[in-house]
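Biologist: Please take one part of this model and go through it closely, residue by residue where that helps. I would also like to know how the part sits within the rest of the chain.

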Amino acid sequence: MIQSKIVRKLFTTTMSMFIILIVFSISVIGYDEVIPSSLELEEVSSISTNSIYLMNKNGYLVKSNILLDSDKIEEKVWKVLNNLIVSDANKFSNGLSGVIPKDVSINNVIYGSNIVTVDFSKEFYNIDYSLERKVLQAVVYSILDIKGVEGVCILVDGVNLEKSVNTNEIYPNVFDKSIGINEIYNLKYRNDITKVVVYYLENIDDNIYYVPVTKYVNDDRDKILVIIDELTSSYIYEDNLMSLVNSNLELINYREENDCLFLNFNDYLFDSDDKVLEEVIYSIGYSVMDNYNVSMVMFEVNGKEVDFFERKQGN
């Protein structure tokens with residue numbers, strides 16, 4: 001299984017270069033191309049892509065990829081942020097859009113000590129209550145997926161954004177992914193609250209996109225158990241989101257070793273053709289990476305290694 005994945009990567013590399021030529025020809029005439037995150041294109045290290053979190057028609061931030069043509073982090077951040085700003089022109093297909101209001105501009109971007117500092121114009125203070133948190137989440141998640149970035153500092157006209165524009169919530173000096181994204185609160189009581197990020201799927205015009213959801217639940221189990229339960233559940237709170245993980249899948253055991261989380265499942269990790277769906281690997285893999293400090297997830301069936309997922313910033 002793992003050898004076949006390597007062969008697929010070689011095939012994908014060839015096909016990806018063809019895709020890149022097409023995409024760059026499109027960008028020459030003024031369009032930015034968004035690539036669905038489901039493709040193994042993300043695993044081809046020779047192609048410079050970065051995640052960007054765009055708004056879909058249902059108000060969720062969706063993980064997509066954009067092509068970047070610079071090796072400098074500041075320039076990558078500029079391009080990501082410019083694509084997050086709402087435009088009169090339809091930059092993206094499939095009903096996706098930026099989330100930063102078009103009257104907000106970027107004064108400056110500075111990178112140092114693994115921290116990106118973004119200075120927005122004063123119009124940032126005019127962001128509506130219903131949009132403010134989405135803007136911060138899209139900015140923070142998109143920038144943190146750039147290799148070498150470990151935190152994001154937000155300024156407005158040179159002054160640190162210390163609290164919410166609308167609610168007076170105190171903000172940290174440096175943001176990380178603990179800010180959450182697409183938050184859902186499934187709480188029965190106030191104590192023993194666990195925050196878990198789970199990646200669902202959304203089919204938009206026959207393209208599969210990944211949608212991270214930060215769920216707040218009363219569950220003190222290890223997060224991997226919560227993740228698998230959520231992805232195998234027959235009930236998903238939002239009709240437009242889905243999981244392709246088989247409802248009969250069971251996690252037999254798991255262990256963390258040498259910067260890798262080993263997950264040992266029953267036979268239901270395989271589909272009817274005795275293959276592991278890419279969407280299953282990615283849903284579980286992305287979810288693990290947002291909840292555990294590991295660089296790899298090894299998938300096992302009854303103790304035998306069958307596939308893997310690697311942490312790669314930018315995908």
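Modeller: Of the 315 residues in the chain, 51% are buried; buried means under 20% relative accessible area, exposed means over 50%, and partly exposed lies in between (1.4 Å probe, protein chains only). This is a predicted model, in which local features need pLDDT of at least 70 and side-chain atom pairs count only at pLDDT 80 or more, while totals for chains, interfaces and linings use all residues. Residues are numbered from 1 along each chain as its sequence is written, and side-chain values use heavy atoms, with hydrogens and water left out.

The chain exposes about 15,300 Å², with 49% of that area coming from carbon and sulfur atoms; accessible areas come from the Shrake-Rupley method with a 1.4 Å probe, and for residues only the protein chains shown count as cover. The chain has five helices and 14 strands. These are DSSP runs numbered from the N terminus: helices are H or I with at least four residues, and strands are E with at least two. Among contacts (heavy atoms within 4.5 Å) between residues at least 6 apart in sequence, 65% join residues at least 24 apart.

The part I will follow is strand 10, residues 207-217. Strand 10 is mostly covered, as ten of its eleven residues are buried. Strand 10 pairs with strand 9 (194-204) in the antiparallel sense, through eleven bridges; two strands pair if DSSP finds at least two bridges between them. One of the residues involved is Leu201, whose bridge partner in strand 10 is Tyr210. The hairpin of strand 9 and strand 10 has two residues between the strands, and Asp205 takes a positive phi near 50 degrees there.

Strand 10 also pairs with strand 8 (184-186), this time in parallel and through three bridges. Here Ile184 has Lys215 as its bridge partner in strand 10. The loop between strand 8 and strand 9 holds Leu187. Leu187 counts as partly exposed because its relative accessible area is 35%. Together with Tyr185 and Ile193, Leu187 makes a nonpolar surface patch of about 300 Å². Patches are made of residues with over 30% relative accessible area and no salt bridge, where like charges are joined within 9 Å and nonpolar side chains (Val, Leu, Ile, Met, Phe, Trp, Tyr) within 5 Å. A salt bridge is a side-chain nitrogen of Lys or Arg within 4 Å of a carboxyl oxygen of Asp or Glu.

Elsewhere in the chain, four strands form an open sheet with mixed pairing, in the order 4-5-6-7. Its edges are strand 4 (106-112) and strand 7 (159-160), each of which pairs on one side only. Strand 4 is joined to strand 5 (residues 115-120) by six antiparallel bridges, and Asn108 has Asp119 in strand 5 as its bridge partner.

Glu74, in helix 2 (residues 73-84), touches Val109 and Tyr111, leaving aside residues up to four places away in sequence. Glu74 and Val109 are 35 residues apart in sequence, yet their C-alpha atoms are 6.1 Å apart. Glu74 is partly exposed because its relative accessibility is 29%.

Cys153 is buried because its relative accessibility is 13%, and Cys260 is buried because its value is 5%. The whole structure has zero disulfides, a disulfide being a pair of cysteine sulfur atoms within 2.5 Å.
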